[in-house]
Amino acid sequence: MAGVQGYRLFNVQLVHKSQVSPSLLSLVFGGPDIANMKCNSPDQRIKMLFPSDDGSLPSLPEQGQWYQLLQELPKEKRPIVRTYTLRHIDRERQEVTVEFVSHGTEGPASAWAIASQPGDSIQIVAPNADYPEDSGGYEWTPPAGLRQGLIIADETALPAARGILELLATQQNPPRIQAFFEVPEQGDCVDLSEFSFASIHWLPRKPANATHGECLLSAVRNDVRVPKTAGVTETVNEEAEGELLWDKATTDSNAFYGWVAAESSVVKMLRRHLIGECGVNHDAINFMAYWSKGRVR
């Protein structure tokens, strides 16, 4: 279909907001065009357009290249763009769910989510159901018949990680999963006992008086159990200072598959440990910097 884009702009309004845990908000958006939105994977990424620095509501035209139209606006009137996980689509109800980490009002996305009320308008850039091919924007692509998996996430990646567990639970014989989830508070350790195939390590920072990533790194170093897929440790190539890490797994072996998403510096240290010290094949694990310290979220 000529001219059909893999991602397109959707105009939506907030329908409902609820508290998943002390640090996580669930926002349900509605709009007639959501029937034309698709989700390819539980870690499907979307772009959300928030009010600009001068308070202007996002109002890009639905037709045309959204990013080009964004850049053509004066800087003070450009919507603020952030990346989120598409948590759930209900095409029949024409609703889509996105989960937000509530970390105060210092970041425009968190501030908007906390203050938002039903009826508030926003724009979303998401995969287009009219696009006949793969729209991309996700990394969870395990080989068929996966036997063992590793999922590591901080709170920003928790919506995608939970979505992965929900997808695996639909399989007749889910793989054995080790999961390490670092969250801000004890109350964020929600009940995931329904996923009996997964050994889940909850790692709240506040009770341990820990800095971001500290609990995650310690637990992975002490408790992770992955197959030794290489006879010797591999050399780990380091990114330049400030460069965000994003490595996609390409393995076709169903013996082991990993998915790691957290703050940039933490992901780099996890990769150094898992590949350089544990000897895991680098092609078998996705490493994704979902955010970076010092950058406003």
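**View 1. Strands β1 and β2 pair in the antiparallel sense over seven bridges.** The model shown here and in every view is predicted. In this view β2 covers residues 24-30. A hairpin of two residues links β1 to β2. Across the pair, S18 stands opposite S26 in β2.

**View 2. Strand β1 also joins strand β7, through seven bridges.** β1 takes in residues 7-21, and β7 takes in residues 121-127. The two run antiparallel. V12 stands opposite I122 of β7. In a regular strand, side chains alternate between the two faces of the sheet.

**View 3. S21 belongs to strand β1.** Is S21 buried or exposed? The relative accessible area of S21 is 9%. Buried means under 20%, so S21 counts as buried. Which residues does S21 touch, not counting those up to four places away in sequence? S21 touches G187, D188 and V190.

**View 4. Helix α3 is mostly covered.** The helix spans residues 158-168. Of its 11 residues, nine are buried. A run of buried positions includes L158, P159, A160 and A161. R162, G163, I164 and L165 are buried in α3 as well. L168 is also among the buried residues of α3.

Technical notes
Residues numbered from 1 in each chain as written. Predicted model: local features only at pLDDT ≥ 70, side-chain atom pairs only at ≥ 80, totals over all residues. Heavy atoms only, no water. Pairing = 2+ DSSP bridges. Helix = DSSP H or I, 4+ residues; strand = E, 2+ residues; numbered from the N terminus. Buried < 20%, exposed > 50% of the residue type's maximum accessible area, 1.4 Å probe, protein only. Contact = heavy atoms within 4.5 Å.
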